Amino acid sequence: MIRHLHPLAGGIALAMIVLFWSSTVAAEALGDGALVARVKTAILWGMVVLVPAMAVAGATGFRLAGDARAPRILAKRRRMPVIALNGLCVLLPCAAFLQARAATGMFDTTFMAVQALELTAGALNITLMGLSLRDGHALAASRRSPAA
């Protein structure tokens, strides 16, 4: 069960972050203030799905890895705290701040600076989670391989 739950939770988390990131870019590029405000509100509500998915992915990943020392497992283990801290200390506060500003129509320099920070931090998490996804697929393939 845990072998199925881990990739499911990780996939949901990665998909949510990609959706948040791409929706933000699209709203900023193509929309008006009202669309940006709706996207920022939707992102904040999306945290109800993202945060538990991240927690489940992290917990099941640590459980699956045990005390294994394979290089791909160690790499995934090193990435997870960075992903979690970036999410909790940068992305979540940015999402709340940007939603509050967008809801009141305050699209000032501070909004844009925090937006740039959020997009950069989001891109970092997408990259790190993508690398972990790649390593997870390689580990799963090696378990299925007759030579493993």
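User: Quick one to start: is Gln99 buried or exposed?
Analyst: Gln99 counts as buried, because its relative accessibility is 18% and the cut-off for buried is under 20%. Keep in mind that we're looking at a predicted model.

User: Okay, and where is Gln99 found?
Analyst: You'll find Gln99 in helix 3.

User: Which residues does Gln99 touch?
Analyst: Leaving aside residues up to four places away in sequence, Gln99 touches Lys40, Thr41 and Leu44.

User: How do helix 2 and helix 3 pack?
Analyst: Helix 2 covers residues 33–65 and helix 3 covers residues 71–103. They pack at an angle of about 165°, and their axes are 10 Å apart. An angle over 145 degrees counts as roughly antiparallel, so helix 2 is roughly antiparallel to helix 3.

User: What about the crossing, left-handed or right-handed?
Analyst: Helix 2 passes helix 3 in a left-handed crossing.

User: Which residues make the contact?
Analyst: On the helix 2 side, they include Ala37, Lys40, Thr41, Leu44, Met47 and Phe62. On the helix 3 side, Gln99 is one of them, and so are Ile73, Arg77, Met80 and Leu92, among others.

User: How many of those are nonpolar, polar or charged?
Analyst: The contact of helix 2 with helix 3 has 16 nonpolar residues, three polar ones and two charged ones.

User: Switching topic. How many aromatic pairs are there in the whole structure?
Analyst: Searching the whole structure turns up one aromatic pair. Its rings belong to Phe107 and Phe111.

User: What do you need to describe a pair like that?
Analyst: You give the distance of the centres and the angle of the planes. For Phe107 and Phe111, the ring centres are 5.0 Å apart and the planes sit at 80°. Planes over 60 degrees apart count as edge-to-face, so that's what this pair is: edge-to-face.

User: What about Phe97, where is that?
Analyst: Phe97 is in helix 3.

User: How far are Phe97 and Phe111 separated?
Analyst: They're 14 residues apart along the chain, and their C-alpha atoms are separated by 8.3 Å.

User: Last one: which residues does Phe97 touch?
Analyst: Not counting residues up to four places away in sequence, Phe97 touches Thr110 and Val114.

Definitions and conventions. Residues numbered from 1 in each chain as written. Predicted model: local features only at pLDDT ≥ 70, side-chain atom pairs only at ≥ 80, totals over all residues. Heavy atoms only, no water. Axes fitted to C-alpha atoms, helices over the stretch in contact; angles between N-to-C directions. Helix = DSSP H or I, 4+ residues; strand = E, 2+ residues; numbered from the N terminus. Parallel < 35°, antiparallel > 145°, perpendicular 65-115°, else oblique. Left-handed = near helix turned anticlockwise from the far one by under 90°. Contact = heavy atoms within 4.5 Å. Nonpolar A, V, L, I, M, F, W, Y, C, P; charged D, E, K, R; others polar. Buried < 20%, exposed > 50% of the residue type's maximum accessible area, 1.4 Å probe, protein only. Phe/Tyr/Trp six-rings, centres within 6.5 Å; stacked < 30°, edge-to-face > 60°.
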